[in-house]
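Hi,

I'm handing over the structure we talked about, so please have a look when you get a moment.

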Amino acid sequence: MNRRKKVIETQKKKLKKQNARIHRSNKPRYISKAERAQMEDEAAMPEAIPETMQSTASEEASSAADRQDDETVSGDDTHSEK
């Protein structure tokens, strides 16, 4: 009887572990006080961020336009050689 009981207990343990893996907690992740303060600071800072993003976006657009101009110029050169 002792051996049988031990086998049953080990099978129950395995089932419990499998169920524990499947049913994870729905509780939200803990956020420390320091992290909450940092997130609040970041939430207050977006006013400055769009200005820098706009300047970088305009720089990227101008560089993309320059690249397109270079491609058309190099494309014209290849046609004139033929």
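**What turned up**

Arg29 is exposed, because its relative accessibility of 64% lies over the 50% cut-off. Its partner is Glu35: the two side chains form a salt bridge, with 4.0 Å from N to O. Glu35 itself has 34% relative accessibility and so counts as partly exposed. By the rule used, the count of salt bridges is 1.

Please keep in mind that this is a predicted model.

Now to the overall fold. The protein chain holds 3 helices and 0 strands, so its elements read α-α-α from the N terminus. Of its 82 residues, 0% are buried. The chain exposes about 8400 Å², with 54% of that area supplied by carbon and sulfur atoms.

Helix H1 covers residues 2-22.

One last thing to look at is charge on the surface. Lys13, Lys17, Arg21 and Arg24 form a positive surface patch. Of these, Lys13 sits in helix H1, and with a relative accessible area of 56% Lys13 is exposed.

Happy browsing, and write back with any thoughts!

Best wishes

Terms used: Residues are numbered from 1 along each chain as its sequence is written. This is a predicted model: local features need pLDDT of at least 70, side-chain atom pairs count only at pLDDT 80 or more; totals for chains, interfaces and linings use all residues. Side-chain values use heavy atoms; hydrogens and water are left out. Helices (H or I, at least four residues) and strands (E, at least two) are DSSP runs, numbered from the N terminus. The expected span of a helix is 1.5 Å times one less than its number of residues. Buried means under 20% relative accessible area, exposed over 50%, partly exposed in between (1.4 Å probe, protein chains only). Accessible areas come from the Shrake-Rupley method with a 1.4 Å probe; for residues, only the protein chains shown count as cover. Patches are made of residues with over 30% relative accessible area and no salt bridge: like charges are joined within 9 Å, nonpolar side chains (Val, Leu, Ile, Met, Phe, Trp, Tyr) within 5 Å. Lys and Arg count as positive and Asp and Glu as negative; His and the chain ends are not counted. The place of a charge is taken as NZ of Lys, CZ of Arg, CG of Asp or CD of Glu.
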